[in-house]
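Have a look at the structure first, then read on.

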Amino acid sequence: MFLRISLFCAAAAALSCVPYPGEPPVETGSTIIQGSFAPLDAGAYELASLHFQVKAYGGEAARQVADLSEELYNRIMVDTNLFSFRPRGLYQLVVYADQSEYRRKTGQPDWSGAATVGNAIYAYPGPHLKRTLAHEMTHLIFYEYMGFMNLDHRWVSEGLAVYEENQAAEGSGSSGIFSDLRGRLRQQPFPMEQFIHLVPATERERTVSSWYAQAESMVRFMIERGGKIGFSQFLAALRESRSFDQAVAEGYPGVWRSLADLEAAWRRSL
């Protein structure tokens, strides 16, 4: 099992967040370092699919979550071209009955839609569930594929997770996030050096943060403009501890020679 590590920003004012009127919408998760949560009540149903061990109340609920999760998993594999990747075991999905049980047994705040511990995702049903699973599942796959945690890779992981979340939202008829931030991003993107090392303290601010908007936009550009094969080669190079410059050059030969080349091309596309 691997650990997701939360990073804390040294200068919150530099994150270019905008005020949100009232409470933010349900988010996709909270980062948990260690521990476990209370299980479902007695009589819960357990179902194993190709990549997931699902626990929920009732066989039909478990089957629906398993089918949805496999659909999202396949999309992530297509978008990243990581078909050769084989997880070490089944990812665990625990689906509580509702938000009340989720909060009572996990201790998470109102805005949390899911929480991740090791290779397990704890969530509850609702309109947010599809994009919640897409986001958290992407993190599980990314860090297991990498085999280690490099804090400089945070923008790639978050950008890919939010990209998949957006894909799930669009597929369910919901509008993608960041529509209100695209103009701000075009006017004042983060310089790359600052962008790599300056990240939000939590994912709560994701829907109103220019940092997340830039991470998603850059990953989207790499996948949709540079190509999925190139993106998989870029990830493979990072896994081999290549620098960002080397990973970009190896992933996209003849397209971009360095991270600076990629950044310049991305900025021109805005």
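S241 sits in the loop between α8 and α9 (helices are DSSP runs of H or I with at least four residues, strands are E runs with at least two, and both are numbered from the N terminus). The phi of S241 is near 65 degrees, a positive value in a residue other than glycine. S241 counts as exposed, at 62% relative accessibility (buried means under 20% relative accessible area, exposed over 50%, partly exposed in between, with a 1.4 Å probe and protein chains only). Most residues other than glycine have a negative phi. N81 is not a glycine either, yet has a positive phi of about 60 degrees. You'll find N81 in the loop between α1 and β4, and at 27% relative accessibility N81 is partly exposed.

A word on the model: it is predicted, so local features need pLDDT of at least 70 and side-chain atom pairs count only at pLDDT 80 or more, while totals for chains, interfaces and linings use all residues. Residues are numbered from 1 along each chain as its sequence is written, and side-chain values use heavy atoms, with hydrogens and water left out.

**The overall picture.** The protein has 10 helices and 6 strands. Of its 270 residues, 53% count as buried. Take the contacts with a separation of 6 or more: residues 24 or more positions apart account for 71% of them (contact means heavy atoms within 4.5 Å).

**How the helices pack.** On either side of S241's loop, helix α8 (residues 228-239) and helix α9 (residues 244-251) pack at an angle of about 145 degrees, with their axes 8 Å apart. Axes here are lines fitted to C-alpha atoms, for helices over the stretch in contact, and angles run from 0 to 180 degrees between N-to-C directions. From α8 the contact uses G230, Q233, F234, A237 and L238, and from α9 it uses F244, A247, V248, E250 and G251. Sorted by class, those residues are 6 nonpolar, 3 polar and 1 charged (Ala, Val, Leu, Ile, Met, Phe, Trp, Tyr, Cys and Pro are nonpolar, Asp, Glu, Lys and Arg are charged, and the others, Gly among them, are polar).

α8 also meets α7: their axes come within 6 Å and cross at roughly 120 degrees. The two helices are therefore oblique to each other (angles under 35 degrees count as roughly parallel, over 145 as roughly antiparallel, 65 to 115 as roughly perpendicular and the rest as oblique). V219, M222 and I223 of α7 touch K228, F231 and F234 of α8, a set with 5 nonpolar, no polar and 1 charged residues.

Helix α7 (residues 210-226) has another partner in helix α10 (residues 259-269), with axes that come within 10 Å and cross at roughly 100 degrees. That makes α7 roughly perpendicular to α10. Here Q214, S217, M218, F221, M222 and R225 in α7 meet L262, A265, W266 and S269 in α10. The class count for this contact is 6 nonpolar, 3 polar and 1 charged.

**Salt bridges.** How many salt bridges does a search of the whole structure find? There are 14 (a salt bridge is a side-chain nitrogen of Lys or Arg within 4 Å of a carboxyl oxygen of Asp or Glu). Side chains of opposite charge can pair when their charged atoms come close.

| Pair | N to O distance |
|---|---|
| R88 and E144 | 3.8 Å |
| E158 and R154 | 3.0 Å |
| D261 and R257 | 3.0 Å |

R88 lies in the loop between α1 (59-80) and β4 (91-95) and E144 in helix α3 (residues 129-146), so this pair ties together parts that are 56 residues apart in sequence. R88 is exposed at 60% relative accessibility, whereas E144 is buried at 9%.

E158 and R154 both belong to helix α4 (residues 154-171), 4 residues apart, or about one turn of the helix. E158 is buried, with a relative accessible area of 2%, and R154 is buried too, at 7%.

As for the remaining pair in the table, D261 is partly exposed at 22% and R257 is exposed at 68%. Elsewhere, salt bridges that share partners join D41, E101 and K105 into one network.
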